[in-house]
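Here is a friendly walk through one model, meant to be read with the structure open beside you. Please keep the viewer handy as you go through the points.

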Amino acid sequence: MRKLLPIALSLLLTACAVGPDYQSPELPEPQSLVRADTSLYATEPVEAEFWQRFDDPLLTQLVEETLATNHDLRIALARYDRSRALLRESRQNLTPDITAEAGVANQRLSADQMPGVSRAERDADSFDAGILAFWELDVFGRVRRSVEAQRAESEATAADLRAVQVVVVAELVDSYFQLRGLQEQLRVARANADNQRESLELVDARLAAGRGIEFDSVRARAQLETTLSRIPALEGEIAALTHRIAVLSGKEPGALVAVLEAPAPLPALPDRVATGLPGELLRRRPDIAAAERRLEVASARIGVATADLYPRFTLGGLLGTQAANTDDLFSRDSETRLIALGIDWSFLDIGRVRARMAAADADAEANLARYEQAILLALEETETALARYAQARREREHLQDAAEASAEAARQARQRFEVGVVDFLEVIDAERSRLEIEDSLARSHTRTATALVGLYKALAGGWEEMPVGTAEISARL
């Protein structure tokens, strides 16, 4: 003991961790976002909990329920819990592994082993108990690099959890807006069907009075049936989105039918959207944080592989007792002990070690490329989202003017038909144009709202930490 402990201590004091020490790559600092039109976007901090901006209590309730019960989030949280458990396990390898053991045995030796001894005298009992300790002296940092890798992996899964949260909430809000948009399209179709039904009744009345023609009645009925044919398809899409929202919030598909199928308008959109400073975007994105942490994992595993080039030192010990009967088991003369310093060095297997090192280097290079790609994809997604939202707003403005003009044209066409200035074909054409433009306007309003959701998703929703409403997740982090 006195001889081996100084050796072990000196090894620990001179221990070093082989392999590269991780250095975080510098994030680029974009000076501006090219598509950030100052008339639509402000550099104020991105809004946390962006769904609150729409002042829709039902939407807020759905988001909070989703954050608490969504199954994708529960899976991501379980993965995080697993990574934390593995980190605790890896840290245990820095300390001695201590176990206790005890045993009892009965052994009979052969007559050749004990010649001239009777059969009964060749039987022997033995009893033992002891405490064993085993400790890998982390001279070259293999264990420390393993802990470093697992810690970085745990941080990566935490970032993955935040990324899943952003995606799930964005999908829920997007689905909700699509649902409200379809309900508006359904309202437009039904309103136009009512107008066309009145037109058909007018034409039939004129025909019965001898002042109309059968052709006008047939054309009016064909247009009405065409409009009515749109309604079942819209109702089917509304049903599908209702089911999707329910499942996203952790419920059975039909659980929210009564709540969501009651029509409600799309919420008003903000005049300007806060995008934050361009340099903050990359630091806020959880996918970039996860990619950067996995780059650190790959770097640490280079050290793990490199450590196999050097000998592995272990310190083992045993303190116990051994006796032929239980009465003597803990007596002074039954004491046993052992302390040993071991060296394991696979220097003859250097080819395999260097192959593993090359593989670890390749993994690190791949993770560096993934990290750099994540940055470019984040910038691409944001620039595209900025452009789509801006163009969607402009499209909606034009369609709003067109819808007002088409409604006035349809009104005038009917008046002119009633006084006999134009034939019914012009009425049909004006009403068809009105329906198409009003339907396009409803679609455009939906596209504008979902484009805004896509922008908030690209900006990572402004969530630097877990949002309110995820108490269970936040507590476990």
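**The sheet and its surroundings**

An open sheet of 4 strands runs in the order β2-β3-β5-β6, with antiparallel pairing. Its edge strands are β2 (97–108) and β6 (335–344), each of which pairs on one side only. Neighbouring strands of this sheet are turned by 20° against each other on average, direction ignored. This is a predicted model, in which local features need pLDDT of at least 70 and side-chain atom pairs count only at pLDDT 80 or more, while totals for chains, interfaces and linings use all residues. Residues are numbered from 1 along each chain as its sequence is written, and side-chain values use heavy atoms, with hydrogens and water left out.

**Terms for strands, helices and axes**

- Helices (H or I, at least four residues) and strands (E, at least two) are DSSP runs, numbered from the N terminus.
- Two strands pair if DSSP finds at least two bridges between them.
- Axes are lines fitted to C-alpha atoms, for helices over the stretch in contact, and angles run from 0 to 180 degrees between N-to-C directions.

**Strand by strand**

- β2 pairs with β3 (residues 123–137) in the antiparallel sense over 12 bridges; here V104 has F127 of β3 as its bridge partner.
- β3 and β5 run antiparallel and are joined by 11 bridges, with D128 standing opposite Q322 in β5.
- β5 and β6 also run antiparallel, joined by 10 bridges, and the bridge partner of R312 is D344 in β6.

**Aromatic pairs**

- A search of the whole structure finds 6 aromatic pairs (ring centres of Phe, Tyr or Trp, the last by its six-membered ring, within 6.5 Å; planes under 30 degrees apart are stacked, over 60 edge-to-face and the rest tilted).
- One of them is the tilted pair of Y41 and Y389, at 6.3 Å centre to centre and 45° between the planes.
- Y41 lies in strand β1 (residues 41–42) and Y389 in helix α9 (residues 350–418), so this pair ties together parts that are 348 residues apart in sequence.
- Both Y41 and Y389 are buried (under 20% relative accessible area; exposed is over 50% and partly exposed in between, with a 1.4 Å probe and protein chains only).
- F140 and Y310 are stacked, because their ring centres are 4.6 Å apart and their planes are at 20°.
- F140 sits in the loop between β3 and α4 (142–208), and Y310 in the loop between α8 (286–307) and β5 (312–323), so the pair ties together parts that are 170 residues apart in sequence.
- Y310 counts as partly exposed, at 34% relative accessibility.
- Ring pairs also link F50, W51 and Y456 into a cluster.

**Helix against helix**

- The axes of α4 and α10 (residues 424–458) come within 9 Å and cross at roughly 170°.
- That makes α4 roughly antiparallel to α10 (over 145 degrees; under 35 is roughly parallel, 65 to 115 roughly perpendicular and the rest oblique).
- Residues of this contact divide into 13 nonpolar, 9 polar and 8 charged (Ala, Val, Leu, Ile, Met, Phe, Trp, Tyr, Cys and Pro are nonpolar, Asp, Glu, Lys and Arg charged, and the others, Gly among them, polar).

**Two loop residues**

- R285, in the loop between α7 (278–284) and α8, counts as buried at 6% relative accessibility.
- The R285 side chain makes a polar contact with the side chain of E381 (3.0 Å); such a contact is a pair of N or O atoms within 3.5 Å, and within protein one must be able to donate a hydrogen and the other to accept it, while residues adjacent in sequence count only if both atoms are side-chain atoms.
- D55, in the loop between β1 and α2 (57–69), counts as exposed at 68% relative accessibility.
- D55 has a positive phi of about 50° although it is not a glycine. Most residues other than glycine have a negative phi.
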